[in-house]
Amino acid sequence: YQKIGDLDKALEHQKEALRMYRGLWGDQSVLLTDLLTMIGNIQIERGNIQDAMAYFTESARSTIQFRQAHNAATSSVSFLSSLGIDKNIQVIVIQTLLSCESCPAAEAA
């Protein structure tokens, strides 16, 4: 819709995709940042600069959070590997840390 100039329809569909994506996978993903950026770009084309900046800011925050979580997970994998812990157990530990909202390690991520 964006390519043919129907920006209202493009915005409607991107916002619906964002809603569905968040419902399925939450708020930390590279794909989420892409959706937020696409919505920001549509808002720029519509002349809604403040709305666009809000989406770009949220996209930047999401990117930072994703990278921090990824870096923490990578560090944890290196540490667990150095201890000789099985890869399957490593995956379970990392998934648990990333999904734990009250864990100090997850807060650092």
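Analyst: Welcome! A residue is called buried when its relative accessible area is under 20%, exposed when that value is over 50%, and partly exposed in between, using a 1.4 Å probe and protein chains only. This is a predicted model, where local features need pLDDT of at least 70, side-chain atom pairs count only at pLDDT 80 or more, and totals for chains, interfaces and linings use all residues. Residues are numbered from 1 along each chain as its sequence is written, and side-chain values use heavy atoms, leaving out hydrogens and water.

User: Why is Q14 called buried?

Analyst: Its relative accessible area is 19%, and buried means under 20%, so Q14 counts as buried. Q14 sits in helix 1 (residues 7-25).

User: What does Q14 touch, not counting residues up to four places away in sequence?

Analyst: Q14 touches L35, M38, I39 and I42; contact here means heavy atoms within 4.5 Å.

User: Why is L36 called buried?

Analyst: L36 has a relative accessible area of 0%, which is under the 20% limit, so L36 is buried. L36 lies in helix 2 (residues 30-46). Beyond its neighbours within four places in sequence, L36 contacts L18, R22, Y55, E58, S59 and S62. The C-alpha atoms of L36 and S59 are 5.4 Å apart, although 23 residues separate the two along the chain.

User: Why does I49 count as partly exposed?

Analyst: The relative accessibility of I49 is 46%. I49 belongs to helix 3 (residues 49-82).

Terms used: Helices (H or I, at least four residues) and strands (E, at least two) are DSSP runs, numbered from the N terminus.
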